[in-house]
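User: I have a model open and want a quick walk through it. Can we start with a single residue and then zoom out?

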Amino acid sequence: MSKRYRDTIATIGNTPLIRLNHASDETGCEILGKAEFMNPGGSVKDRAALGIVRDAEVRGELRPGGIIVEGTAGNTGIGLAVVGNCLGYETIIVMPDNQSQDKIDTLKSYGPRVELVPAVPLKDPNHFTKVSARIAAELNKEDPGSAIWANQFNNVANRDFHEQTTGPEIWEQTHGAVDAFICSVGTGGTLAGIARALKARKPEVQIGLADPTGSALYNYYKHGELKAEGGSISEGIGNSRITENLEGTPIDVPYQIPDSESIPLVYRMIRQEGLSLGGSSGVNVAGAIRLAKELGPGHVIVTILCDTAMRYRARLFNRKFLLERGLELPAWLDLD
């Protein structure tokens, strides 16, 4: 029997767990993808958005008709706009201007005020997160208590919501048989929250990090130093610091995943699984395959299917863009 929901945000979470048949058959493991792209805002970031807003309400920091301000690469902004629209809050999103036009357009279609700023290093005072913090502070100076800064990177309500929801869902959906969980990191909330939930139930569960090139986290967990090399066309993942959400996360196995490994998996999943997913999902599945090979046949490994490829059409389905970066569009994709 189908379920009736009281509103849109009630549909956030409880996403399906999908067996990735070809990756599973090739490795002899059960590789399962948590279908977070099926959230109403189209990504895993809907959970962080809802967790942060509900926490602010409980703390009395977000009054009726208030304003949510955040700096984000896109998906958290979309999630905050979805939640804000449902609950009667305005949203102001500050976004680096190097993100895909598809994602920018999707965010704008939900109606928030969008401020595009130059993409600069975190230490720069004009980094998108710092600009968003200033906007929230200025609003509260004019009208105290009128706005919150979501602060997704260091607001542990992000991590806590995944610990309360996503982790237990994975545990129940695998009937406690999960042997490992792996995904990439942006804020760290997804990996940290799920890791805590699963380790509390089964301490021997292996927790893996799938880190794109251009991020410093692989080197940190492998060698103890925050050091980045190369770059990636995948958006919204990777980091140059240990956020408060990520701090203390028990990571057992880190992998560095180049685009040459992750992007072909994006096309394989379209062709073999009927799943059209973004580059971060390619990184996650690549990490799950590596972990499956390391653990050996017979294990159950879960990862996150973050969002859809349609948010990155200008990159993932642009032959010229890909060739300039040493990547190829499959011949069976007739897009020219």
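**Working chat**

Analyst: Asn14 is exposed, since its relative accessible area is 63%. Exposed means over 50% relative accessible area, buried under 20%, and partly exposed in between (1.4 Å probe, protein chains only).

User: Where does Asn14 lie, and what is its phi?

Analyst: Asn14 sits in the segment before β1 (17-19). Its phi is near 50°, a positive value in a residue other than glycine. Most residues other than glycine have a negative phi.

User: What should I know about the model and the numbering?

Analyst: This is a predicted model: local features need pLDDT of at least 70, side-chain atom pairs count only at pLDDT 80 or more, and totals for chains, interfaces and linings use all residues. Residues are numbered from 1 along each chain as its sequence is written, and side-chain values use heavy atoms, with hydrogens and water left out.

User: OK, zoom out. How many helices and strands?

Analyst: The protein has 13 helices and 10 strands. Those are DSSP runs, numbered from the N terminus: helices are H or I with at least four residues, strands E with at least two.

User: What is the radius of gyration, and what would a compact globule have?

Analyst: The protein has 19 Å; a compact globule with 336 residues would have a value near 20 Å, so the two agree. The radius is taken over C-alpha atoms, and the globule rule is 2.2 Å times the number of residues to the power 0.38. Along its principal axes the C-alpha trace spans about 60 × 50 × 45 Å.

User: How much of it is buried?

Analyst: Of the 336 residues, 57% count as buried. The accessible surface comes to about 14,200 Å², and 48% of that belongs to carbon and sulfur atoms. Those areas come from the Shrake-Rupley method with a 1.4 Å probe; for residues, only the protein chains shown count as cover.

User: What share of the contacts is between residues 24 or more positions apart?

Analyst: They account for 69% of the contacts with a separation of 6 or more. Contact means heavy atoms within 4.5 Å.

User: Next topic, the core. Which residues touch the most other members of the largest one?

Analyst: Ile31, Ile182, Leu275, Val285, Leu291 and Ile301, out of 26 residues in the largest nonpolar core. Such a core is a set of buried Ala, Val, Leu, Ile, Met, Phe, Trp, Tyr and Cys residues joined through side-chain atoms within 4.5 Å.

User: Which elements give two or more residues to this core?

Analyst: β2 (30-35), β7 (180-183), β9 (253-257), α10 (259-273), α11 (279-295) and β10 (300-305). The largest share, 7 residues, comes from α11. A second, separate core of 23 residues includes Ile12, Val82, Val83 and Tyr89.

User: Back to Leu275. What is it in contact with?

Analyst: Leaving aside neighbours within four places in sequence, Leu275 contacts Ile18, Leu20, Phe37, Val266, Met269, Ile270 and Leu305.

User: And Leu20, buried or exposed?

Analyst: Buried, at 2% relative accessibility. Leu20 is in the loop between β1 and α1 (21-27). Not counting residues up to four places away in sequence, Leu20 touches Ile31, Gly33, Glu273, Leu275 and Val285. Leu20 and Met269 are 249 residues apart in sequence, yet 8.3 Å apart C-alpha to C-alpha.

User: Which residues of α6 are buried?

Analyst: Ala157, Asn158, Arg159, Phe161 and His162, in a helix that runs over residues 157-164. The buried residues of α6 pack against α2 (45-58), α7 (166-173) and α8.

User: Last one: Asn155. Buried or exposed?

Analyst: Buried, with a relative accessible area of 19%. Asn155 is in the loop between β6 (147-149) and α6. Leaving aside neighbours within four places in sequence, Asn155 contacts Ile52, Asp55, Ala150 and Asn245. The C-alpha atoms of Asn155 and Gly189 are separated by 8.9 Å.
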